[in-house]
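Okay, everyone, let's get going.

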Amino acid sequence: FKIPSGSMIPTLQVGDHIFVSKFLYGVRIPWTNVKLFKHTREPRRGEIIVFVYPQDPEKDFIKRIVAIPGDTVQVCGGQVLINNQPLRRELQTGRCEYDDFDEDRPMGSWRRVPCTSYREWNGSETYLTVHNQGGGAPTQGCGPATTIPAEHVFVMGDNRDNSHDSRFWGPVHYDLIKGKAWFIWWSAGEKTSVRLNRMFDRIHR
């Protein structure tokens, strides 16, 4: 799978090509959405998954699992609450900026984006998230509280203010999950420059 957008920055960059393990959540018949067997274990908080976009079966999305069946999730500003408890997070000091590809401009273009970064803990995973510069404050208002039904997960992008995810179209059913993101096997950025430091990097945070 190729990463086409910046919704999972900083964990995944535009132009990353990744391998995905399909065995945990059931192998599909090639070129169909029919699974040959059920998942070998339940999806877990903090894992990054590839799944069929619920509103368009022709598209694949990649996001991080934030909440699992039975959880109640709510987002207040940039702060995620699970079962009324805010996820632990720490503001990262130093300069925060990233390169993103703007698909809306003619022929597309790269731009440097200033940001604010937090390290977040969820389940057994810890990872970095980014927010629009100055964003992520709990005082920015709360979205609705959502209780996750059986065999569904709530997913979000690590680029919290620039991600189209479950906050907009709801939880993802297990049957739509294609696999867990495994490692980056190729990465190319602006002007197809190769990012050698990202190749064969395991996707775990």
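Predicted model: local features only at pLDDT ≥ 70, side-chain atom pairs only at ≥ 80, totals over all residues.

So, β4, residues 72-76, pairs with β5 in the antiparallel sense, and the two share four bridges. By pairing I mean that DSSP finds at least two bridges between the strands. The strands themselves are DSSP runs of E, at least two residues long, while helices would be H or I runs of at least four, and the numbering goes from the N terminus.

Residues are numbered from 1 along each chain as its sequence is written, and side-chain values use heavy atoms, with hydrogens and water left out.

Back to the sheet. β4 and β5 belong to an open sheet of four strands, in the order β6-β5-β4-β11, with antiparallel pairing. Which strands stand at the edges? That's β6 and β11: each has a single partner strand, so one side of each has no neighbour in the sheet. As a reminder, strands of a sheet pair through backbone hydrogen bonds, either parallel or antiparallel.

Now over to β14, residues 177-187. β1 pairs with β14 in the antiparallel sense over six bridges, and there Ser21 stands opposite Lys180. β2, residues 48-52, also pairs with β14, again antiparallel, over three bridges. In that pairing, Val50 faces Gly179 of β14.

Most residues other than glycine have a negative phi, and most peptide bonds are trans. Here's what goes the other way.

Ile9 and Pro10 are joined by a cis peptide bond, with omega at about 10 degrees. Pro10 lies in the segment before β1, which covers 16-21.

Then there's Asn84, with a positive phi near 70 degrees. Asn84 sits in the loop between β5 (79-82) and β6 (85-86). Is Asn84 buried or exposed? Exposed, because its relative accessibility is 62%; the cut-offs are under 20% relative accessible area for buried, over 50% for exposed, and partly exposed in between, using a 1.4 Å probe and protein chains only.

Last one: Glu151, also not a glycine, has a positive phi near 60 degrees. You'll find Glu151 in the loop between β11 (146-147) and β12 (152-156). At a relative accessible area of 35%, Glu151 counts as partly exposed.
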